[in-house]
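Here is a short tour for anyone who likes to check a model by its packing and backbone angles. Please keep the viewer open as you read.

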Amino acid sequence: MTHQPDDRLIVALDVPHAVAGLELANKLGDAVSFYKIGLGMLTGGGLALANELKQEHGKRIFLDMKLFDIGATVEAAVRGLAQFDLDFLTVHGDPHVVRAAKEGAAGSNLKILGVTILTSLDRADLDAALIQPGDLADLVHTRAARAFDAGADGVIASPQEAAAIRALPEAAGKLIVTPGVRPAGAALGDQKRVATPAQAVRDGVDHIVVGRPIWQAADPKTAAQAILAEMSA
């Protein structure tokens, strides 16, 4: 019987180019079945790597592009990306963006995830961006509900908001994908709102996204397996 890897762990390939990404994926081997490829690698062969990992290695792929534009442009961009047969794509959670992305993804299996508020931001950052006053968590819950109403298949949210989003009536059957997860004892890096893998699972998260604690580890595969063990416990 072949072991089916736990796809609740998504490893962020936040490395400079596709060659380094493929090297890391080879090191992780069968321990990891789901990878995130973001904007930072777009000019470094990110789409080609996404295609190779999906088609030749059977991995699931989360394309983290956080698209934001007028509806027609978002729809066109998503339609183009949907032809690669990838799994998740992020767009900003604004209802007009989500609706357009769902139009572009029509007929494919690509799931559209709305970004509520980036996990590296705090209230001071929102003030600087002229985002309406109010508690950050409340704004995240409202944005999540509106993204779901607009048709999002899921949302990206920090661990701190996951439990409250999972409790929303609109969240039934929807995905919650959480960056800002750090194994117990790991450095926080640039994330301001964090939790451990076990806590994220308890709070109703479907997938956690982990980057640095895995790819900066002396032995990335062992680091990934430890996170998976922590989630399962």
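## About the model

This is a predicted model, in which local features need pLDDT of at least 70 and side-chain atom pairs count only at pLDDT 80 or more, while totals for chains, interfaces and linings use all residues. Residues are numbered from 1 along each chain as its sequence is written, and side-chain values use heavy atoms, with hydrogens and water left out.

## Nonpolar cores

Let's start inside. A nonpolar core here is a set of buried Ala, Val, Leu, Ile, Met, Phe, Trp, Tyr and Cys residues joined through side-chain atoms within 4.5 Å. Buried means under 20% relative accessible area, exposed means over 50%, and partly exposed is in between (1.4 Å probe, protein chains only). The largest core has 63 residues, and those with the most contacts inside it are Leu9, Tyr35, Val78, Leu89, Ile165 and Ile208. Helix H6, residues 136-149, gives the most to this core, with 7 residues. Helices (H or I, at least four residues) and strands (E, at least two) are DSSP runs, numbered from the N terminus. Apart from this core lies another, of 11 residues, including Phe34, Phe62, Phe88 and Val115.

Which residues does Tyr35 touch, not counting residues up to four places away in sequence? With contact taken as heavy atoms within 4.5 Å, Tyr35 touches Ile10, Val11, Leu13, Ala25, Leu28, Leu53, Lys59, Arg60, Ile61 and Phe62.

## Helices H1 and H2

Two packed helices are described by the angle between their axes and the distance between the axes. Axes are lines fitted to C-alpha atoms, for helices over the stretch in contact, and angles run from 0 to 180 degrees between N-to-C directions. The axes of H1 (residues 18-28) and H2 (residues 46-55) come within 9 Å and cross at roughly 25°. H1 and H2 are therefore roughly parallel to each other; angles under 35 degrees count as roughly parallel, over 145 as roughly antiparallel, 65 to 115 as roughly perpendicular and the rest as oblique.

On the H1 side, the contact is made by Ala18, Gly21, Leu22 and Ala25, and H2 brings Leu49, Glu52 and Leu53. These residues divide into 5 nonpolar, 1 polar and 1 charged. For these classes, Ala, Val, Leu, Ile, Met, Phe, Trp, Tyr, Cys and Pro count as nonpolar, Asp, Glu, Lys and Arg as charged, and the others, Gly among them, as polar.

## Helices H6 and H7

H6 packs against H7 (residues 159-166) at an angle of about 50°, with their axes 10 Å apart. That makes H6 oblique to H7. Leu136, Ala137, Val140, His141, Ala144 and Phe148 of H6 meet Glu161, Ala164 and Ile165 of H7. By class, this contact has 7 nonpolar, 1 polar and 1 charged residues.

Is His141 buried or exposed? His141 is buried, with a relative accessible area of 17%. Leaving out residues up to four places away in sequence, His141 touches Glu161, Ala164, Ile165 and Leu168.

## Loops and backbone angles

Gly204 sits in the loop between helix H8 (197-202) and strand S8 (207-210). Beyond its neighbours within four places in sequence, Gly204 is in contact with Arg166 and Ile176.

Most residues other than glycine have a negative phi, and most peptide bonds are trans. Lys66, in strand S3 (residues 60-67), has a positive phi near 45° and is partly exposed at 30% relative accessible area. Asp85, in the loop between H3 (71-82) and S4 (88-92), has a positive phi near 60° and counts as partly exposed at 38%.
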